[in-house]
Every structure is written in structure tokens, then in C-alpha cells.
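Welcome! Here is a short tour of a model with more than one thing to look at. Take a moment with the sequence and the 3D view before reading on.

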Amino acid sequence: MLKKLSMAAALVALGAGAAIAHTTLEAQEAPVGASHKAVFRVPHGCDGKPTNVVRVQIPEGVIAVKPMPKSGWSLEKVTGAYAKAYDYHGTPTKEGVKEVLWKGGNLADDEYDEFVVRVYLTPDLPVGKMLYFPIVQECPAGAVERWIEIPAEAQSSDDLEFPAPGLKLLEKAGGH
Amino acid sequence: MILACSAWFWFAVAAFAHASLVETSPVDNAVLTEAPATFSMTFSEPVSPLALRLVKPDGSSTSLERFVLRDRRLDVGSPHDLAQGTHVLSWRVISEDGHPIGGSVVFSIGMPSATSPEAAGQIDWPVRTAVWLAKIALYLGLVLGIGGAFAVTWLGRSERSGSLASLVLLGIGLVGAALSVGFQGLDALGVPFERISDAATWQAAMNTSFGRTAVFALLASVIAILALVANGRRGRLLSLAALTGTGLALALSGHASVAEPLWLTRTAVFLHGVTVAFWAGALVPLGLALARRTPSSTGMLRRFSGTIPPLLGCLIVTGLLLGVVQVQEPLALFTTAYGEVFLVKLALLVLVFVLAALNRWRWTEPAEHRDPSAMRRLALSVAAETAIVILIFGVVAVWRFTPPPRALALAAAQPTVVHIHTDKAMANVQLSPRGAGQVEASIDLSTGDFEALNAKEVTLVLAHPSAGVEAIRRSARRTAGENWRIDQILIPLPGTWHVRIDILISDFEIVKLVGEAEIHP
């Protein structure tokens, strides 16, 4: 019995350890039709190497992207056309930032940092579903960590080796 | 003759060999978490499907009509409504030698059913016996009937003994050739005897290479009948044409006619058939003439014994050549069904040659001087030879059901093939050489709809968790277009391996294909 319990504890510890090592979002859920501050937590580099570049892909349906500058990193925004026009407080928006890059930094493997983007989650996004932000960490000498796996229908992020950070979409807040 | 020659080259162009199943997806006895989108089977040579059926866990079966042939691989669309439990994919295909092969792949979705549905692909003995008997009848007509007509017109001259016997044998051959088509159709489609009246059954057989053999056999037999009816020069020309037809009919289908190099093996089969028909076909008319002690029987005997040595040489050389091509390894004579049949044929041949030697060196000379006892003994010996020749037909007809060692070796030399097909992407992985050890991996990619898939990076991951082998990862390098290669990857032990192919499509998009590979020892 004790052995079973300790086994279970070990498994939980392993699972938790794995979860900590992943690049994740601070807030795990957010309502649609509202602005949202997405905080990406990067806990380590690529197999011991420091991280020099962090790239975040902005999923379709997420507009009005404003990344927060970081000292020691240069900011780059890749823009492009959306699949359709989104209504942003009465203004139809057809294009905008599709990828955010923080470059030229040096985040050591044994250090931790956060990268922040403020976005608007359009009401077109499916409530109750997960929204994923694929992230790529680039390190010296071509080393890369890609947190880009999106679970299939029957899977959860826990089944994946390199899950993309995601947040659960909630009903639009009422009242106004 | 010119017609025969041009027909010859036309047939010699198609270069195929006896097919064997190399790999399937899902692998046999696989337990899958989800229903597969497609089934795929890879053969050692190009094939065409004859009948594809899926037996469901409740025992009901559906015919699978959606399939794509891509060279050696057959992709079959899966029905969308597959339930949990054990399924049997029953397949039947035909290769260029005209021999249908079939089998079953058993797989389960979720959990294996408590009782498996009946596996198809079992041997239908009544049909198999019918195919065998019709084949013997075909040989009787092609070799003894047509050969007899040739002997009567060329060796007999004024001697007409054996005409009636040849006509009867030709009749047997005609019936055998016609029935063979129907039985071949039953065997090809894997359906029971009741379906013999179906037009589709006959159509299926005519679409195999055996259809050509049947057509040539029927034509040659009719020409041989005309040769017997006609007299003199015209009869001789017609019987020569019929004898050529025997060679063509035999060379147009069967294991030996598809072995490389084709020009050599097909020519050898042709010559083998013609010389057998010349030699064995002369036995019945000659034996009858000697038994009756007709006036011109001695002239016939002289002409026969004068022409036979070079022809017998040709018969033996072509026979040995084909034997070497098919058996390859002497050991295969004892380890394969094909080899065993070959040994039985050889044993019977030794008997025939002993009799033939006795005939030639003991009795031919006195018989030519009309010694009555020598003529009687010679007639008896010729009758015995004929009986053994018919036994040989029975033995040779068994080859229809035994793939030659050459084809078996060809199958063993094929790489291990893993085919994974999902909505997003499709990968065809070849691990060569076959079996465990140091292998080279070649990965061909396309999208789920067979469009070009331009990947950024490709990684192959192999694991065998039940044997305690954790993931072995190797990144592949692009060689050309959509082909990716890993020069060396070690598969430490045989068994069912998990195969995963990670395809990085863009910086932010990855597709992981998961499948299984059966690694042979």
C-alpha cells in the first residue's frame, strides 16, 4: 500500500516537474470579446544553452496585438493579413501582427523570465475551446525548442512532448 | 510465323514477377486506438486487386471499393463507421504471372473482440482441385494432343495410327482450357463453386495473364484438329503452327514466364514446351503403330529416333535453365514446397529417361527390322513412358500453387515498409535491408490528399517500449523533393516497433505521424 502511494507520489512529482519545464501562459483562461494580457513564462533554455530569441505566433481571431518591450531585447513584429475582417470596437480590422519576436537577449538556462503581449480576443473565437499560442525558443548554434504541439481531439496537452501554451476561452463578460 | 514472332515480342515487353506481400498497415494483429483512415499493402511487385473485403466484429462483411494503386502499394479507403473490436481485412490480388494470391490482416480498434470474426483467405479445396484437374487436361491437349497431331503428320506420313487418340486428347484439352478459365476466375476472386455461372468470374480470369494462355491453347488445339483432318503438306504446316501455339500458350503465363531476364526465361519455356510436345506427343501414335505392327510403323520409328537426340538435349538444357532460375539455392529444393515438387518431377523424369534409353539401345534396332517381340516390348515401354508423362503433368500442375524460391527470395530482400496516412500528412518509410540491425531509412512524404508536402525538418523516432527500448531519434536529411533519408539507424532487436515521424512544416507547425513496424529477425 505504502509502496503504491509512494509510486503515485513519484508519478505526480514527475508530472509536475514536466509541467514546470514547459513554456506556459500565466493566466489559463480568459473571456472573449475583451482585451487580455498574455504572460508567457519561459523557464529554461535549450538543453543547457541560453535563449536568445523568443517567437510567439498569434493565432487567428486574436487582434490588436501590443507586445511589451523588454530591456536587453529588441522587439520585432511580423504583420500580415487575417483570414477575415474582425470588428475592433466598431473598426473593421483586416490585418495586424501575426508574430512577435524578442531578439538579441540572453536568458541563461538557469534563469527565468516572462514575455508579455496585450491582445484583444475577438468574440468570433469559440467559447469553451482552447486557444493555443505556439512558441519557439532559439538558442546559439542552431539549437531550438519548439512549444508548438497542439493536442488532437482525443488528446490533452499532457500527452504531448512540446505542447503549445494555451488558454481556455470563456463566455463574454456581461453588463456592457 | 511472323505473326507468332511479333506476338512474342509484344508479350515479352511486360516485365513482372510473382508477387509476395511485403508489408501491411495496420500490421497484422495490431491494436489501434483509432480507426485507420486507409489500409495499405505493399507487395514485392506491382499487382492489381481482385477482391477486398472487410469483416467487421459482428461477422458482417463489406466489399471495399475505394482504392488507389501506386506502383507496388495498394491504398484502400476505410469505411468511416468502424466499430470497436476486431476486424479482418481480407485481400486478394493478382500479379503478372496470372496467379492470384490472398490473405488477411487482423487488427482491432480499441480492444480485441472476445471472439474474432472468421479469418478469410482459407484454401477452397474443391476449387483448388478443379484448377489442378483442368490444368492437367490442358496439358494433355497441349502436349499429347497437339504433339500427337504433329507426330502423325510429320513422322507418320502414310501411317495414321494415333489420329483418333490425338483427336480425343485435343478434345480433352479444349474442355480443359475452357474450364480452366472459369476455375481460374473462381480462384482469382476467391469465391466458391456456385459462382462459376457468373460472367464476372470468367471476366476476372480473362483479365489475368492466364486468359492469354487459354486463348492460345484453344486456337492451337483447333489448328491441330484441322491439321489431322487435312492431309499431306497442308496438314504438316498446320500442325507446325499448332506446335508453335503450344510453346506460346505455355510461355504466356506461369511462374517461369515472369522470371528475369524475361527474354531468356520466356524463350526457354517456349522451347521446353515445344520439345516436350514433340517428344511426348509422338509416344501415343508411335506406341499404337508399333502395337499394331503396321507396315509403315518402322519408318515412323526410324524418323522419331533420328530426330529425337538434339530435341531431347534442348529439352534438358531449357529444363535445367528454368530450374536454376526458379530454385536458385540447391537447399531450396528441400526447404520449399516448390523444390519438393521439382524433386518429384526429377524422379519421374529419371524413370522416363531409363525407359527411353532401354527403348533406344535395346529394342529400337531389332524393332526396325520388324522383330515381333522387340516391337511388342517397345510398344509396352512406350505405353509406360506415356503413363509416367501424364503423372509428370499432374506433378507440374501442382506448381500452380507453390511460389518458386526465386519469388520467395525476392520478397525477403524487400525493405521493411511502414505506411502512415492521416488527414494532415502521409509518410512511406522504407527501412532497408529488411530485419533488425543497421538499416538505412528512406521517408517519402505527401499531404493527406497526395499533394506535395514541403517539410522543414523530418525526424524519425523508433521505440520498442515492451522490450524496454526507449525512443531512438534521428533527424533525416532531404535528398530530393519530398524524399528524406537517414543513412544509418540501428534497430537493435526484432519485433513490433513504434514508429513516429515528426514533420516540421513551418516554424510553428508540426505534424506527428504514428505507426507500427514489424521488424523481422
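Seven salt bridges link chain A and chain B, a salt bridge being a side-chain nitrogen of Lys or Arg within 4 Å of a carboxyl oxygen of Asp or Glu. One of them joins the side chains of Arg146(A) and Glu457(B), at 3.8 Å from N to O.

This is a predicted model, in which local features need pLDDT of at least 70 and side-chain atom pairs pLDDT 80 or more, while totals for chains, interfaces and linings use all residues. Residues are numbered from 1 along each chain as its sequence is written, chains are lettered from A in the order in which they are written, and side-chain values use heavy atoms, without hydrogens and water.

The table shows what the two chains share.

| Chain A with chain B | Value |
|---|---|
| Buried area | about 850 Å² |
| Part of that area on carbon and sulfur atoms | 49% |
| Contact residues from chain A | 11 residues |
| Contact residues from chain B | 10 residues |

Contact means heavy atoms within 4.5 Å, and buried area is the accessible area (1.4 Å probe) that two parts lose on being put together, summed over both. Of the area that chain A buries against chain B, 54% comes from Arg146(A), Ile148(A) and Glu161(A), more than from any other three residues.

Now to chain B itself. Ser296(B) sits in the loop between α7 (262–292) and α8 (297–327); helices here are DSSP runs (H or I, at least four residues), numbered from the N terminus. Beyond its neighbours within four places in sequence, Ser296(B) is in contact with Ser158(B) and Glu159(B). The C-alpha atoms of Ser296(B) and Glu159(B) are 5.8 Å apart, although 137 residues separate them along the chain.

Terms used
Helix = DSSP H or I, 4+ residues; strand = E, 2+ residues; numbered from the N terminus.
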